[in-house]
Amino acid sequence: DSAQSAVTLRAALRSLPPYKPGKSAAASDVVQYKLSSNENPYPPLPSVLDAVNQVSPEMNLYPDMTCQAVTQAVAQRWGVEPSSVSFGSGSVEVASQIIRAVCEEGDEVVFAWRSFEAYPILAGLAGATAVKVPLDENERHDLPAMAAAITERTKVVLVCTPNNPTGTSVGTDELHEFMAQVPSNVLVVVDEAYVHFNVDPDAARGIDFFREYPNVVVLHTFSKAYGLAGLRIGYAIAPAHVSAALRAVAIPFGVTNLAQQAALASLAAESEIEERITALVEQRDHVHRGLAEQGWDVPESQANFVWLRTGAKTQEAEEIFSRHGVIVRAFGDEGIRVSIGSPAGNQAFLVAAQEVLDLVR
Ligand code: PMP
């Protein structure tokens, strides 16, 4: 109505791509497997539920804004100073903090494409320009092209490894070569949301790069390997002055007490978490082998999902999966990302994938 139409919104919003979350299970006769959001199929560990239950009577109180206990635990886990650790309501919020802390209007944020779809949204929201550098023919980061894309306006480079949605990981040597070409005033963010599933011995480890270069930030989350996606907690390991800036731009009290306690309990349950990760990696490799046997050409995934190149048939392919009760994530006319779920879900996916292959070929 007229009262609303007088309100003007920022021009940047007009060109913002929408964030489309993975679909949820709809009411259906077929058993539904939600493999559309890279979620962990395991329920919370009993010790994590206990920790949450213990603090839930304090819901009337604000959480510890400094996240002191979990900051200490993360600092200890990685052998870094607590001053280098900062939190957000999921690592997507931390990524947003980084761009808002570093970019002036018109500055550039360079990242591979396709990659995590929040990147162009976060850049656009900050008034920065998203510079998308196409993945190479093997769906891997094209680091030489990314280095070449850096200009005087570039303030942030986002390196997603393993990459969402293709699962490909960046190697240690190639990331060192890349860093040698990056000006020291450009912040390189290594987004390791899926790092726990990465078993490639040659893969770059963000923490090693943080230790070696003063312009590297590592992003981690409790949403994937730790299975706390619904609680929203992630963190950055960054040079102390950058961490201080992230705390300054963070929404006050953005990380709930429940999330902080669940993260703490998860860090204390490392061996149980490890067992689950191992099982998921085995399932991923099982799915990968199954797809290869069917004749699919799937890039090697080091994450908890696989990428199917379905091209122009993506829409139809998504419908076939849906008929089989397998809810997947379709990306335009490029491909489909399928999360590794329970063995039953993965089996249902493989059965459907055979039918999809007949369509795509
Ligand atoms: N980075 C990447 C690469 C992701 O895929 C995701 C989740 N889809 C995130 C960050 C954000 O995860 P969260 O906010 O749940 O920590």
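1. Around the ligand there are 13 residues, of which G90, S91, V92, T221 and S223 come nearest, a residue being counted as near if its C-beta atom, placed from the backbone, lies within 6 Å of the molecule. By class this shell holds five nonpolar, seven polar and one charged residues, where Ala, Val, Leu, Ile, Met, Phe, Trp, Tyr, Cys and Pro count as nonpolar, Asp, Glu, Lys and Arg as charged, and the others, Gly among them, as polar.

2. On provenance, this is a predicted model, in which local features need pLDDT of at least 70 and side-chain atom pairs count only at pLDDT 80 or more, while totals for chains, interfaces and linings use all residues. Residues are numbered from 1 along each chain as its sequence is written.

3. The domain assignment of the protein gives domain 1 (9-38 + 271-360) and domain 2 (46-269), with bounds that come from an automatic or database assignment. Their C-alpha centres lie 24 Å apart, and 25 residues of domain 1 are in contact with 29 residues of domain 2, contact meaning C-beta atoms, placed from the backbone, within 7 Å. On the domain 1 side, α11 (270-294) gives the most, with six residues, and by class that side has 14 nonpolar, five polar and six charged residues. Helices (H or I, at least four residues) and strands (E, at least two) are DSSP runs, numbered from the N terminus.

4. The largest nonpolar core has 101 residues, and those with the most contacts inside it are I98, I99, V189 and V217; such a core is a set of buried Ala, Val, Leu, Ile, Met, Phe, Trp, Tyr and Cys residues joined through C-beta atoms within 7 Å. Its largest share, seven residues, comes from helix α4 (residues 91-102), and the core draws at least three residues from each of domain 1 and domain 2. Not counting residues up to four places away in sequence, V189 touches A95, I98, V156, V157, L158, V159, V217 and L219.

5. In helix α12 (residues 314-323), T314, A317, E318, I320 and F321 are buried, that is, 20 or more other C-beta atoms lie within 10 Å of their own, against 12 or fewer for exposed and in between for partly exposed, with C-beta atoms placed from the backbone. Seen down the axis of α12, these buried residues fall within an arc of 160°, taken from the directions from the helix axis to the C-beta atoms, so they line one face of the helix. The face turned away from the buried side carries the exposed residues Q315 and R323, and α12 is followed by G325, whose phi is positive, near 80°.

How values were computed
Two residues are in contact if their C-beta atoms, placed from the backbone, lie within 7 Å.
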